[in-house]
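Please read the points below with the sequence and the model open beside you. They are meant as a colleague's notes, to be checked residue by residue.

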Amino acid sequence: MASVVIKNWDNKTWLSSQNYINSFNNFLIKNTKINSNFKILDIGCGRGKILGSLKSRLKLKYKPLGIDIVNHKDRDKRINFKKANILNLSLTKNQKFDLILIKQTIHLIKLSEVKKLLKSLKKILNTKGKIIIFTLDTENNEIPTFKLMKLKLNKSLIRDKKIFKIITNLYPQRIQKKFIFNVRISKKKYLDMIKNRYISTLIPLSKKQLIQGIQEIELNYKNKLKFKDKLTCIIL
């Protein structure tokens, strides 16, 4: 997995709000038919709030397993956690899952390793299990950006299209859906998220570039931001 470390994507953002978590889990339940017997693996789980909430909501018999390269002190205690790079992860031979979730993480993996990852995950999937992959919508993205951020994001989205192609070639019968969440956030809060580099495209930017970008957002957007956070979902 790439050396990019995103520490704040699920920390004080709309992605960590209860409304978002409920909406996302509604989508998961509807499209994967999760029940209380499911064993779930979350790759790139962050603080684990999404599956922690799902654990309580469905009264899951087994704690979901979350994997991330950052061990957050405030991670959700309702999940089991392992600090690891998924490409180097060793699970026991008999450890199988009914659902493997890869949410906005696969773009951090080298193109040459995507095929290898998916094949290895298939080996730890139960017969009727599903792998569900979420990534930013590559066609109609509405995330508020400044000029340099937009350039970096577009480059990342082009790479995502290549990943989709790899997945489609491997699994032509895959199912594709859209998850959309209506975001309403103050410009001030959104600028705080940018300062905290909440998205991978902001990680390489210098402090000066970030300050210039914040100034652009200040000038070009209203005090209340309204947009759709759109994710493409692939179910294998």
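The numbered points that follow take up the basis of the model, then ring pairs, charges over rings, single residues, a helix crossing and backbone angles.

1. This is a predicted model, in which local features need pLDDT of at least 70 and side-chain atom pairs count only at pLDDT 80 or more, while totals for chains, interfaces and linings use all residues. Residues are numbered from 1 along each chain as its sequence is written, and side-chain values use heavy atoms, with hydrogens and water left out.

2. A search of the whole structure gives 12 aromatic pairs, where rings of Phe, Tyr and Trp (its six-membered ring) pair if their centres lie within 6.5 Å, and planes under 30 degrees apart count as stacked, over 60 as edge-to-face and the rest as tilted. One of them joins Trp 14 to Phe 227 in an edge-to-face arrangement, with 5.3 Å from centre to centre and 80° between the planes. Because Trp 14 lies in the segment before α1 and Phe 227 in strand β7, this pair ties together parts that are 213 residues apart in sequence; helices (H or I, at least four residues) and strands (E, at least two) are DSSP runs, numbered from the N terminus. Both Trp 14 and Phe 227 are buried, a word that stands for under 20% relative accessible area, with exposed meaning over 50% and partly exposed in between (1.4 Å probe, protein chains only).

3. Phe 24 and Phe 179 form another edge-to-face pair, at 5.4 Å centre to centre and 85° between the planes. This pair links distant parts of the chain, since Phe 24 belongs to helix α1 and Phe 179 to strand β6 (residues 175-186), 155 residues apart.

4. Is Lys 230 buried or exposed? Lys 230, in strand β7 (residues 224-235), has a relative accessible area of 14% and is therefore buried. Leaving aside neighbours within four places in sequence, Lys 230 is in contact (heavy atoms within 4.5 Å) with residues including Asp 137, Glu 142 and Phe 179.

5. Ile 21, found in helix α1, is buried, with a relative accessible area of 3%. Apart from neighbours within four places in sequence, Ile 21 is in contact with Leu 15, Ser 16, Lys 49, Ile 50 and Ser 53.

6. The axes of α3 and helix α4 (residues 147-170) come within 10 Å and cross at roughly 40°. The contact is made by residues among them Leu 111, Val 114 and Leu 118 of α3 and Ile 163, Ile 166 and Leu 170 of α4.

7. Most residues other than glycine have a negative phi. Phi of Lys 33, however, is near 55°, and this residue is placed in the loop between α1 (18-32) and β1 (40-43), where Lys 33 is exposed, with a relative accessible area of 62%. Gln 104 has a positive phi of about 50°, and its place is in the loop between β4 (97-103) and α3 (111-123).

How values were computed
Axes are lines fitted to C-alpha atoms, for helices over the stretch in contact, and angles run from 0 to 180 degrees between N-to-C directions.
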